[in-house]
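Thank you all for coming; I would like to walk you slowly through one structure this morning.

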Amino acid sequence: MELYKATLKRIKPANTEVAVEAKKILDEKMKPLGSLGKLEELAIQISGITGRLDNTILKKLHLVASADNGIVEEGVSSCPIEYTKIVSEAMLSKVAAIGILCDTLDVDFKLIDIGIAGEIDRKYPNLYRKNVKKGTNNFVYEPAMTYDECIKAIEVGISIVEENLDYDIFSNGEMGIGNTTTSSAILYALTGENLDLIVGRGGGLSDSGLVKKKKVIKDAVEKYNLFENDPIEILRCVGGLDIACMAGIYLGCAANSKPILIDGFISSVAALVAQKIDPNTVDYMIATHRSEEPGMVIISKTLGRKTFLDMNMRLGEGTGAVLAYPIVTSALEVMKRMKTPKEVYKILG
Ligand SMILES: O=C(O)c1ccc[n+]([C@@H]2O[C@H](COP(=O)([O-])O)[C@@H](O)[C@H]2O)c1
Ligand SMILES: Cc1cc2nc[nH]c2cc1C
């Protein structure tokens, strides 16, 4: 609880003066005003985040939070429950998508067991063993976790960012069968939007499964009286340990002036939780790809951040976020290396 409270005290808005200065520098380059579109926006945002005009991304860290969800007992996922553990190990062994993308794009990768039900017996150098609980409770019958468990998972996210402050930029993702149900429930409680616009098929749910998924979400949000409730109460009643940990990662990045790339649906819902805890956290977040889950439209509107990749992806793991690294890196290189017309004339004699 102490780390959570102390971190909230340290979160400040990004530096708008430096962002304005960055825009001025970009406007002077040899190009029509604003013609590099999103690349310019990214360079300006990152300048505001770090408070510097000479940003280089050398070290990139991708964090995946893995956890099981008790709500899967209700038949809300088509995926085998043991996949949370098996796919997590596949990621660590670099045979699942995210391990391969991180390898390809020179991104360091660490996985956090924040609540996997099974035990990972093998040794992995990049595994954080921070299990708070062996999967959450089924929220149909009781809150997914206690207040203390929820704060503990958030604090793990914060402390892992703080252990890795030698990195220039972070990204996150998750693995957890059933987590499109927990994230949809949070999104519903936070926004009160139409359930049909929020709830999707996740890993590939049947028609009858989808009806059940909407019903358990609606019933739980009403039962626990979550509309307009405090974000921690929403998170602990119907959320997941993976989402709590990612919310902590966003808070940790904001408190330490580090940019963080958001991934798809679940990672974006965790971003909304962090936004609700402190709206200034959004200054440090970079939305990347539009997941195919239907609720992404409402998330973008609520977060006020537009995605720039549309790859028809809905895997999770942070795959969309990691694909954005070359674009973000390019934005900073352009800002640093492009010249003004005067400089170009001088160079070319
Ligand atoms: O990130 C996304 O946008 C996304 C959309 C749909 C599914 N997923 C992944 O699929 C799993 C959850 O699906 P489900 O149907 O079990 O709730 C979980 O491991 C997520 O990483 C991820
Ligand atoms: C195979 C598989 C891989 C995943 N990676 C993230 N979520 C996943 C869900 C499934 C089912």
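Let me begin with two helices, α2 and α3, where α2 passes α3 in a right-handed crossing. Please keep in mind throughout that what you see is a predicted model. Helix α2 covers residues 16-27, and it packs against α3 at an angle of about 145°, the two axes being 7 Å apart. If you want to find this contact on the screen, look on the α2 side for Thr16, Val18, Ala19, Ala22, Lys23 and Leu26, and on the α3 side for Glu40, Ala43, Ile44, Gln45, Ser47 and Gly48. Sorted by class, the residues of this contact between α2 and α3 are 6 nonpolar, 4 polar and 2 charged.

Now let us step back to the whole chain, which has 16 helices and 6 strands. Along its principal axes, the C-alpha atoms occupy a box of roughly 75 × 45 × 40 Å. How does the radius of gyration of the chain fit with that of a compact globule? For 349 residues such a globule would have a value near 20 Å, and the chain has 20 Å, so the two agree.

The chain is also divided into two domains, and you will notice that domain 1 is written in two pieces, 2-55 and 333-348, while domain 2 runs over 60-325. Taken over C-alpha atoms, the centres of these domains are separated by 29 Å. Where they touch, domain 1 contributes 17 residues and domain 2 contributes 18 residues. On the domain 1 side, the elements giving two or more residues are α1, which is 2-10, and α3, which is 37-50. Which of them gives the most to that side? It is α3, the helix we started with, which supplies 7 residues. By class, this side of domain 1 holds 9 nonpolar, 5 polar and 3 charged residues.

Around ligand 2 you will find Cys79, Tyr83, Val87, Met175, Gly203, Leu315, Gly316 and Glu317. Here the division by class is 5 nonpolar, 2 polar and 1 charged.

Definitions and conventions
Residues numbered from 1 in each chain as written. Chains lettered and ligands numbered in written order. Predicted model: local features only at pLDDT ≥ 70, side-chain atom pairs only at ≥ 80, totals over all residues. Near = placed C-beta within 6 Å. Nonpolar A, V, L, I, M, F, W, Y, C, P; charged D, E, K, R; others polar. Domains from an automatic or database assignment. Contact = placed C-beta atoms within 7 Å. Helix = DSSP H or I, 4+ residues; strand = E, 2+ residues; numbered from the N terminus. Axes fitted to C-alpha atoms, helices over the stretch in contact; angles between N-to-C directions. Left-handed = near helix turned anticlockwise from the far one by under 90°. Rg over C-alpha atoms; globule rule 2.2 N^0.38 Å.
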